[in-house]
Amino acid sequence: MPIQPLSGADIPAFQPGQDEHFDLIAQYENFFPDPLAPKTVLVIPSLSLDNHLLAQIEGHIHYEERLLCMLLLLRMPATQVIYLSSMPIDDSIIDYYLHLIAAVTSQHARKRLHLLTCHDASPQPLTAKILQRPRLIRRIRQCIPPGQVAHLTGFNITSLEEALAGQLEIPIYGCSSKLTHWGSKSGGRSLFRQAGVRMPAGEENIGSMAEAAAALSQLKATDPSLQKAVIKLNEGFSGDGNALFAYGPLREVTEDELANRLQPIAPGIDYEIFAAKLQQMGGIVEAFIEGAPKASPSVQCRITPTGEIDVISTHDQLLDQASGQIYLGACFPANKDYAADIARISESVAGQLRDKGVIGRFGIDFVSVFRQGQWTHYAIEINLRKGGTTHPYLSLQLLTGGRYQAERGQFLTPQGSPRYYLATDNLQHENYKTLSPEDLIDLSIRHRLHYDHTTQDGVLFHLIGALPQHGKLGLVCIGQSPRHAQRLYQQAIDVLQAETAGFARS
């Protein structure tokens with residue numbers, strides 16, 4: 001019988017207190033800015049999310065590899081990184097990342113890298129696995145030099161990560177689990193309203209299909225021209241917690257009509273499962289925004305431990321054509337026609353979050369339509385965690401040392417040269433299963449795709465461990481222009497197809 005995730009009653013109570021808070025502020029002010037200051041970063045890439053929804057993402061255990069970009073922190077010669085994973089990560093993948101570090105030898109970086117694993121491929125979150133292994137926690141503690149400052153960072157912060165930080169007695173750089181409601185679909189709508197930000201018509205805090213049917217009926221009564229609406233689970237992610245509803249000739253929606261017409265996006269989620277999830281976690285109903293042209297931009301922000309707000313990046317998200325709900329990838333930066341506008345809107349939302357005590361990275365998603373000669377932006381959700389656009393941007397930033405200038409909607413290297421990228425987590429083909437991580441790296445080098453520090457462009461691969469079993473990988477194509485990034489992406493596709501053609505596994 002599989003081990004069940006720890007319940008709240010099983011986890012030692014831990015609330016980050018005043019001492020821990022000021023410890024993080026002291027680290028941020030005195031150690032973060034100094035590249036020569038000794039410090040330890042504990043990376044917990046756990047997707048501490050709903051297991052049923054998470055299972056819809058093929059090869060999701062390998063998504064723990066997305067934060068391997070944080071190994072690039074080892075470019076700071078006195079910094080240590082402790083990286084946890086459910087299963088061992090192939091040495092060739094680690095070597096691949098270490099060779100991306102400029103001005104530091106891979107041997108020097110390797111001495112300051114501690115890779116620890118649970119040897120557990122079960123579907124429960126990585127952090128739950130760690131908490132079930134006291135000896136592993138002891139090894140983590142032993143990797144932190146006595147007296148050296150350390151902090152924990154992760155994909156998202158829940159009571160699991162807080163329990164682990166409590167046992168290790170180190171602070172967390174991330175949003176407290178007490179505040180994650182503001183990152184739910186209902187919490188996001190409430191906060192957009194407080195910030196005076198435009199959002200789709202709709203209703204939050206929906207707890208049943210009966211309430212959803214009533215909200216859908218109200219939407220139609222308010223706007224008789226409305227053709228489609230969306231029901232979103234509060235804790236859904238990457239669009240897999242969404243379901244589309246088409247009104248057709250209906251003016252009033254009954255539960256029976258809702259059951260007949262609702263289309264959950266995730267292939268493994270039927271109406272009954274979706275209804276149960278809605279009752280369990282709640283959700284929202286909102287109008288489906290129509291228009292052409294239409295875009296799906298997002299903004300990454302950061303609230304520092306000292307309360308400063310930074311707009312880190314803007315992206316145009318790439319969504320699936322069938323539903324327009326599932327995240328596939330992103331272009332960076334967002335369209336220059338509106339990048340600065342969505343940054344300004346996001347700053348007002350970030351101000352509300354800061355007032356509630358939120359710190360760390362988070363993303364805000366929009367739907368934008370071009371009407372009457374201008375773009376109109378609708379805020380649709382807040383993700384109080386790292387997301388699909390976090391690791392591509394972190395990679396670019398750590399590789400080049402550059403930064404995004406929100407007021408100009410442009411990323412510049414220290415030399416003043418702009419950079420752009422096209423990124424995806426969802427490059428997948430049956431033929432790719434014939435490749436090992438070493439094969440992929442070899443192809444990248446032989447075909448001159450590999451990121452080049454001299455020109456500061458090229459292709460960075462991730463999710464490499466998912467190749468042999470799932471034929472799936474991710475990439476970040478960094479170019480000196482949007483067209484250059486697109487050309488690198490197409491070149492990578494062409495190389496993969498040509499090198500694996502005719503070798504599909506039976």
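The protein has 16 helices and 20 strands, taken as DSSP runs of H or I over at least four residues and of E over at least two, numbered from the N terminus. This is a predicted model, in which local features need pLDDT of at least 70, side-chain atom pairs count only at pLDDT 80 or more, and totals for chains, interfaces and linings use all residues. Residues are numbered from 1 along each chain as its sequence is written, and side-chain values use heavy atoms, with hydrogens and water left out.

Begin with the whole chain. Its C-alpha atoms fill a box of roughly 65 × 55 × 50 Å along the principal axes. Buried residues (under 20% relative accessible area, 1.4 Å probe, protein chains only) account for 59% of the 506 residues.

Next, select strand β13, residues 327-332. On one side, four bridges join β13 to strand β12 (residues 309-319) in antiparallel fashion; strands count as paired if DSSP finds at least two bridges between them. Here D316 has C331 as its bridge partner. Strand β18 (residues 420-428) also pairs with β13 in the antiparallel sense, over four bridges, and G329 stands opposite T424.

Finally, select E381 in strand β15, residues 374-383. Show residues with heavy atoms within 4.5 Å, the cut-off for contact: leaving aside neighbours within four places in sequence, these are K185, F192, K232, G363, I364 and D365. The side chain of E381 also joins that of N383 through a polar contact of 3.4 Å, that is, a donor–acceptor pair of N or O atoms within 3.5 Å, where residues adjacent in sequence count only if both atoms are side-chain atoms.

Definitions and conventions:
Buried means under 20% relative accessible area, exposed over 50%, partly exposed in between (1.4 Å probe, protein chains only).
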